[in-house]
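Q: Can you walk me through this structure? I'll ask as we go.
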Amino acid sequence: MRRIISVLLENEPGALSRVVGLFSQRNYNIETLTVAPTEDETLSRLTVTTTGSDKVIEQITKQLNKLIEVVKLVDLTEGSHIERELMLVKLKATGSQRAEIKRTVDIFRGQIVDVTSSVYTVQLAGDSEKLDGFIQAVGTAGVLEVVRTGVSGIARGEKVLSL
Amino acid sequence: MELLSGADMLIRSLQDEGIEYIYGYPGGAALHIYDALFRQDKVKHILVRHEQAAVHMADGYARATGKPGTVLVTSGPGATNTITGIATAFMDSIPMVVLCGQVASHLIGEDAFQETDMIGVSRPVVKHNLSVRHPEEIPEVIRKAYYIAATGRPGPVVVDIPKDMTTPNERYEYSYPKKVKLRSYNPAIRGHAGQIKKAVDMLLAAKRPVIYAGGGVILGKASNQLTELTRMLGYPLTNTLMGIGCYPASDKQHLGWLGMHGTYEANMAMHHSDLILAVGARFDDRVTNATEKFCPGARIIHIDIDPASISKTVEADVPIVGPVDAVLKEMLALVKESKDKPDASALASWWKQIEEWRAFHGMRYETSPDVIKPQEVIELLCKLTNGEAFVTSDVGQHQMFAAQYYKFDKPNRWINSGGLGTMGFGLPAAMGVKLTHPDDEVLCITGEGSIQMNIQELSTCKQYNLPVKIINLNNQALGMVKQWQDMNYESRHSQSYMESLPDFIALAEAYGHVGVRIEKKEDLETKLKEVLAMKDKLVFVDIYVDRFEHVYPMQVARGSMKDMWLSKTERV
């Protein structure tokens with residue numbers, strides 16, 4: 001099952017490599033990984049999406065917790081949560097395609113953020129499925145380049161992951 | 001406040017940490033530190049002949065004393081040579097701090113002479129590693145390193161020290177912190193009361209219980225609590241290879257150790273049990289055999305300081321995260337005050353069954369009128385040293401024979417590389433023990449394969465006068481490899497022979513020690529007595545043993561606990 005694990009990490013050199021190293025060392029999957037400092041400059045927030053049986057996920061969270069630099073973590077998929085990913089896509093856009101692409105972008109609530117005579121660059125945010133859906137809708141033939149940030153997530157409601 | 005250079009701060013920190021011995025080898029990036037070492041006499045440095053041996057020495061010291069060992073090496077090859085030793089300590093959760101020199105900060109990343117990313121290289125085999133980024137941090141980094149190494153589930157910690165952090169003419173205020181703050185590291189200090197209560201209820205209701213104790217009991221200094229609880233309950237106890245000595249082997253409730261080369265009775269009792277109390281053990285693959293066939297009728301209580309060890313390979317019914325001594329103490333109190341008592345008649349029939357198993361095999365082996373059996377060498381050594389020696393071993397058949405036939409009644413005396421299985425561990429580990437236990441008998445039980453992996457340390461033994469006794473069970477082959485080839489590869493002995501063995505006697509003598517060769521069975525006892533009488537000499541005893549002997553019992557691969565070979569021809 002796909003899981004989103006969100007980690008508060010000491011903002012120190014080498015901390016990230018320890019997290020990434022753990023996944024490869026113990027043969028766990030990383031599907032996406034995002035990391036950036038938080039409002040507290042001593043902490044980074046890291047979000048990793050992974051797949052595995054309940055037993056594997058339990059081991060992943062336990063092993064992550066053992067890392068000295070991991071301050072706190074939560075498996076967001078255990079409760080209701082919001083996940084977002086940002087994507088920039090360069091699409092071939094000439095002739096009649098231009099209007100069709102514009103319509104599709106609107107339907108997906110994306111924005112065209114750069115234009116040339118033959119190319120649109122589209123920005124789209126949403127959960128991973130929505131981003132996949134957009135690529136499907138425009139058709140891979142017209143896609144010149146895709147860049148995705150990977151998933152960020154946060155729990156719904158009052159729950160917060162903080163010190 | 002005093003002003004000290006980084007190098008002096010490092011050595012002062014070691015003094016303030018109470019470190020008596022460090023094991024190491026100098027080199028360019030560590031020279032400022034070695035100079036600071038020279039200008040004091042509180043911390044004693046032992047110069048090894050290869051950095052791997054320094055780590056095993058520190059490891060042997062840590063296993064015998066329960067205190068963290070300390071290693072000092074230079075950057076690059078000095079640091080990378082420690083990796084096998086660090087991995088050995090990591091797999092067996094041994095507390096240790098490894099101080100590594102590093103090239104100066106401004107050279108890092110430029111492929112400088114003797115530069116290696118030691119933080120990166122060591123990462124998968126350390127509990128944690130730390131870099132010094134400013135000389136002023138040194139006391140705090142050292143305090144943190146020892147704190148992390150020795151608390152919770154212990155393990156090795158590497159400290160990387162760039163050369164410019166120890167420059168002699170730059171001085172800073174020194175004070176050694178009493179405490180360290182680590183907001184993200186808080187090992188459990190007691191177990192969950194509700195879980196402990198539940199465990200005690202299950203324990204008292206069991207009909208066919210087994211206590212399964214591991215190295216965590218020794219590391220957690222909980223042998224007394226475990227022994228008291230086991231005796232109070234009257235339940236059978238088996239321990240792992242790493243747990244040897246956590247409960248007296250001579251006691252009738254002790255079933256010997258379990259797993260791949262465990263006793264018939266221990267493996268049978270585990271398989272047929274209805275309740276397993278696992279204490280500081282980690283259900284390692286060399287214990288469980290095929291996990292899907294593991295102890296089908298047993299419910300499992302698992303006590304461990306490391307939550308990640310619980311339900312990793314075998315699901316626990318009652319997990320208890322906490323230090324084993326504290327948890328066992330609480331369990332003892334609950335058992336004492338409980339109105340429920342163990343079911344006496346169920347226990348009596350369980351013991352009757354176990355005694356039948358014990359009588360059936362009972363660690364037998366065939367003796368021969370003229371050939372020396374490795375097992376009898378160990379039995380004899382156990383007798384001659386009253387079972388009180390510190391015994392280190394290397395890895396292979398001799399390790400299994402030593403663990404099977406030397407009866408340890410006390411913890412911290414059986415010292416071996418159980419998790420990583422590191423050949424070359426035995427001699428330096430024995431040296432680390434002997435240094436701090438000069439009046440105790442220290443035996444290194446080894447084979448002619450393993451001993452050659454760190455034999456250069458005979459030179460260190462000469463320098464520091466470390467009269468360990470090296471018992472080389474010489475079967476002129478890599479015995480365990482050969483045994484597997486006999487059993488699984490139709491005796492195709494691919495690369496398992498040593499066709500050009502050195503004259504170990506001459507070799508020992510060349511290093512300034514005594515060498516004794518034993519080839520005849522009738523000489524064995526007399527010569528071993530003579531060897532043990534040479535208290536102040538290192539003696540290398542080269543004993544020619546049966547070349548064809550196998551280690552039994554041996555679990556059948558991918559079987560359950562109860563599937564074993566009991567000899568070359570008997571399978572149960």
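A: Strand S11 (254-257) and helix H11 (264-272) of chain B are among the elements that cover the buried residues of H14(B). Helices (H or I, at least four residues) and strands (E, at least two) are DSSP runs, numbered from the N terminus. This is a predicted model: local features need pLDDT of at least 70, side-chain atom pairs count only at pLDDT 80 or more, and totals for chains, interfaces and linings use all residues. Residues are numbered from 1 along each chain as its sequence is written, and chains are lettered from A and ligands numbered from 1 in the order in which they are written.

Q: Which residues of H14(B) are buried?
A: B:Trp350, B:Ile354 and B:Arg358. Buried means 20 or more other C-beta atoms within 10 Å of the residue's own, exposed 12 or fewer, partly exposed in between, with C-beta atoms placed from the backbone.

Q: What follows H14(B)?
A: B:Gly362, with a positive phi near 60°.

Q: Switching to chain A: how many helices and strands?
A: Chain A has four helices and nine strands.

Q: And what share of its residues is buried?
A: 27% of the 163 residues of chain A. Its C-alpha atoms fill a box of roughly 55 × 35 × 30 Å along the principal axes.

Methods. Two residues are in contact if their C-beta atoms, placed from the backbone, lie within 7 Å.
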